[in-house]
Amino acid sequence: MALQLTNRRKVVSNKEQSFSERLYLPGILKGMLITGSHIFKKSVTIRYPEQTRPVAPVYRGQHVLKRDENGAERCTACGMCAVACPAEAITMENAERKKGEEHLYREEKYASKYEINMLRCIFCGLCEEACPKEAIFLTDRIVDAEYERDDFVYGKDKLVEKIEKRIDVSKRQTIEVSEFKKVPGTKHNTLYDGKAIGKGKH
Ligand code: SF4
Ligand code: SF4
C-alpha cells in the first residue's frame with residue numbers, strides 16, 4: 001500500500017475542456033473584471049520609503065549607545081546586555097580608561113569594541129532592559145538594507161550616538177519606566193534564572 005503522508009491529496013480530473021474553456025476568453029474576462037474592481041478601492045500599500053506608517057512611541061528599532069550629559073560614553077562593558085541577549089547578537093571587548101580620558105568614557109572600564117549583529121537581533125529589547133547604566137536603548141530607526149552580510153554587524157561607529165546629533169530616548173525613560181526598573185525582582189532586573197542584576201543602579 002502506498003504511504004500517504006497527508007489527506008490533502010486531490011484526484012486530477014482528465015475531463016475534456018468545454019468549448020468556452022478552450023477559448024480562454026471567459027476566464028480572461030473574469031480575471032480582468034476582478035482586477036478592474038480593485039482600481040477604485042483604497043490602496044492598502046504605501047510608497048515606502050518616501051511614506052512611512054506611524055509606529056508606537058516605544059517601537060524597537062536600531063540600537064543606540066548613549067552618551068551622558070557631558071558627552072562621555074555611558075557603557076562600561078559589563079556584558080549584561082550580551083548575557084541577556086537571547087540571540088547572542090552582542091559581542092564586546094573592554095579596556096581600562098586612561099588618565100585624561102574621563103571626558104570620553106563615563107566609567108573606569110569601557111567598551112573598546114562593541115558589536116551587534118543585526119541579522120541575529122530579534123529586536124526584543126532585553127539588552128535595554130538588562131543594562132544597569134542606561135547605556136543602550138532601542139530607537140525608532142530602521143536598520144538599513146545591505147548587500148553584504150558583514151555590513152549588518154554594527155560597531156561603535158554606527159551605534160554610539162554622535163555628540164552633535166543626540167538621540168532622544170526620553171519616551172523610553174518616563175518616570176513610570178524608571179521607577180519600575182528600580183523595583184528589585186521585576187522582570188526588568190532579572191535574568192531568566194532569577195538572578196537579580198543591576199538593582200536600582202542608574
Ligand atoms: S534587541 Fe534582543 S536580540 Fe537584539 S541585541 Fe538586544 S537583546 Fe539581543
Ligand atoms: S549592559 Fe549596558 S553598560 Fe553593560 S555592556 Fe551592555 S550596554 Fe554596556
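The questions below concern a predicted model of one chain and its two ligands.

Q: Why are β2 and β5 said to stand at the edges of the sheet?
A: The sheet is open and has three strands in the order β2-β3-β5, with antiparallel pairing. β2 (90–96) and β5 (153–154) each have a single partner strand, so one side of each lacks a neighbour in the sheet.

Q: How do you know that β2 and β3 pair?
A: Two strands pair if DSSP finds at least two bridges between them. β2 and β3 (residues 109–117) are joined in the antiparallel sense over seven bridges, so they count as paired. Within β3, Tyr 110 is the bridge partner of Ala 95.

Q: What makes the shell around ligand 1 nonpolar in its make-up?
A: Of its 14 residues, Cys 85, Cys 121, Cys 124, Leu 126 and Cys 127 come nearest. Cys and Leu count as nonpolar, so these five belong to that class. The whole shell divides into 13 nonpolar, one polar and no charged.

Q: How does the shell around ligand 2 divide?
A: It holds ten nonpolar residues, two polar and one charged. The closest of the 13 residues are Cys 75, Cys 78, Met 80, Cys 81 and Cys 131. Cys and Met count as nonpolar.

Q: Which residues have the most contacts inside the largest nonpolar core?
A: They are Cys 75, Cys 81, Cys 127 and Ile 136, in a core of 26 residues. Elements giving two or more residues to this core are β1 (63–65), α3 (80–84), β3, α4 (126–130) and β4 (136–138). β3 supplies the largest share, four residues. Beyond four places in sequence, Cys 127 touches Cys 81, Ala 84, Cys 85, Ile 90 and Ile 136. Buried residues make up 19% of the 202 in the chain.

Key: Residues are numbered from 1 along each chain as its sequence is written. Chains are lettered from A and ligands numbered from 1 in the order in which they are written. This is a predicted model: local features need pLDDT of at least 70, side-chain atom pairs count only at pLDDT 80 or more; totals for chains, interfaces and linings use all residues. A residue is near a molecule or strand if its C-beta atom, placed from the backbone, lies within 6 Å of it. A nonpolar core is a set of buried Ala, Val, Leu, Ile, Met, Phe, Trp, Tyr and Cys residues joined through C-beta atoms within 7 Å. A residue is buried if 20 or more other C-beta atoms lie within 10 Å of its own, exposed if 12 or fewer, and partly exposed in between; C-beta atoms are placed from the backbone. Two residues are in contact if their C-beta atoms, placed from the backbone, lie within 7 Å.
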